[in-house]
Amino acid sequence: MTSDSVCLTIGDVQSILQIGKSKAYELFRSRGFPSFRVLRNWRVRKCDFEQWIIKQKY
């Protein structure tokens, strides 16, 4: 991931959240996560991901 990337990949999100591959795929397929597919690859816009992080409650 570069600092000027508009979209994050599953690998990027895995690194940021420090989760495994299967959990990352589960997250990308979940209803409340702002992801989308480009052909066969999952993506999430960086700004949408940041907003999703802020909205999470612990």
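User: Which residues does Phe33 touch, not counting residues up to four places away in sequence?

Analyst: Good place to start! In this predicted model, Phe33 touches Leu27, Phe28, Val44, Phe49 and Trp52. Phe33 itself is found in the loop between H2 and E2.

User: What makes Phe33 count as buried or exposed?

Analyst: We look at the relative accessible area. A residue is buried under 20%, and Phe33 has 5% relative accessibility, so Phe33 counts as buried.

User: Why is the pair of Phe33 and Phe49 given the name it has?

Analyst: Two values decide. A pair of aromatic rings is described by the distance of the centres and the angle of the planes. Rings pair if their centres lie within 6.5 Å, and planes over 60 degrees apart count as edge-to-face. The centres of Phe33 and Phe49 are 6.2 Å apart and their planes stand at 75 degrees, so this pair is edge-to-face.

User: What does the pair of Phe33 and Phe49 tie together?

Analyst: Phe33 lies in the loop between helix H2 (21-29) and strand E2 (35-38), while Phe49 is in helix H3 (residues 46-55), so the pair ties together parts that are 16 residues apart in sequence. Phe49, at 4% relative accessibility, counts as buried.

User: Is the pair of Phe49 and Trp52 stacked or edge-to-face, and how do you know?

Analyst: Planes under 30 degrees apart count as stacked. For Phe49 and Trp52 the angle between the planes is 20 degrees, with 6.1 Å from centre to centre, and the pair is stacked. These two residues are 3 residues apart in helix H3, so about one helical turn separates them. Trp52 has a relative accessible area of 17%, and therefore it is buried.

User: How many aromatic pairs are there, and which residues form the aromatic cluster?

Analyst: The count comes to 5 aromatic pairs. One aromatic cluster is formed by Phe28, Phe33, Trp42, Phe49 and Trp52.

User: How many disulfides does the structure hold, and how do you know?

Analyst: The structure holds 0 disulfides. A disulfide needs two cysteine sulfur atoms within 2.5 Å. The closest cysteine sulfur to that of Cys7 is in Cys47, 8.5 Å away, so the two are too far apart for a bond. Cys47 is in no disulfide either, with the sulfur of Cys7 as its nearest cysteine sulfur.

User: Why is Cys7 called partly exposed?

Analyst: The name covers values between the 20% limit for buried and the 50% limit for exposed. Cys7 has a relative accessible area of 27%, so Cys7 is partly exposed. Cys47, with 39%, is partly exposed, and Gly20 is partly exposed with 37%. Gly20 has its place in the loop between helix H1 (10-17) and H2.

User: How do the axes of H1 and H3 cross, and what makes the contact?

Analyst: The axes of H1 and H3 come within 13 Å and cross at roughly 35 degrees. Their crossing is right-handed. On the H1 side the contact is made by Val13, Ile16 and Leu17, and on the H3 side by Phe49, Trp52 and Ile53.

User: How many residues of the contact of H1 with H3 are nonpolar, polar or charged?

Analyst: They divide into 6 nonpolar, no polar and no charged. Val, Ile, Leu, Phe and Trp are among the types that count as nonpolar.

Note on methods
Residues numbered from 1 in each chain as written. Predicted model: local features only at pLDDT ≥ 70, side-chain atom pairs only at ≥ 80, totals over all residues. Heavy atoms only, no water. Buried < 20%, exposed > 50% of the residue type's maximum accessible area, 1.4 Å probe, protein only. Phe/Tyr/Trp six-rings, centres within 6.5 Å; stacked < 30°, edge-to-face > 60°. Helix = DSSP H or I, 4+ residues; strand = E, 2+ residues; numbered from the N terminus. Axes fitted to C-alpha atoms, helices over the stretch in contact; angles between N-to-C directions. Left-handed = near helix turned anticlockwise from the far one by under 90°. Contact = heavy atoms within 4.5 Å.
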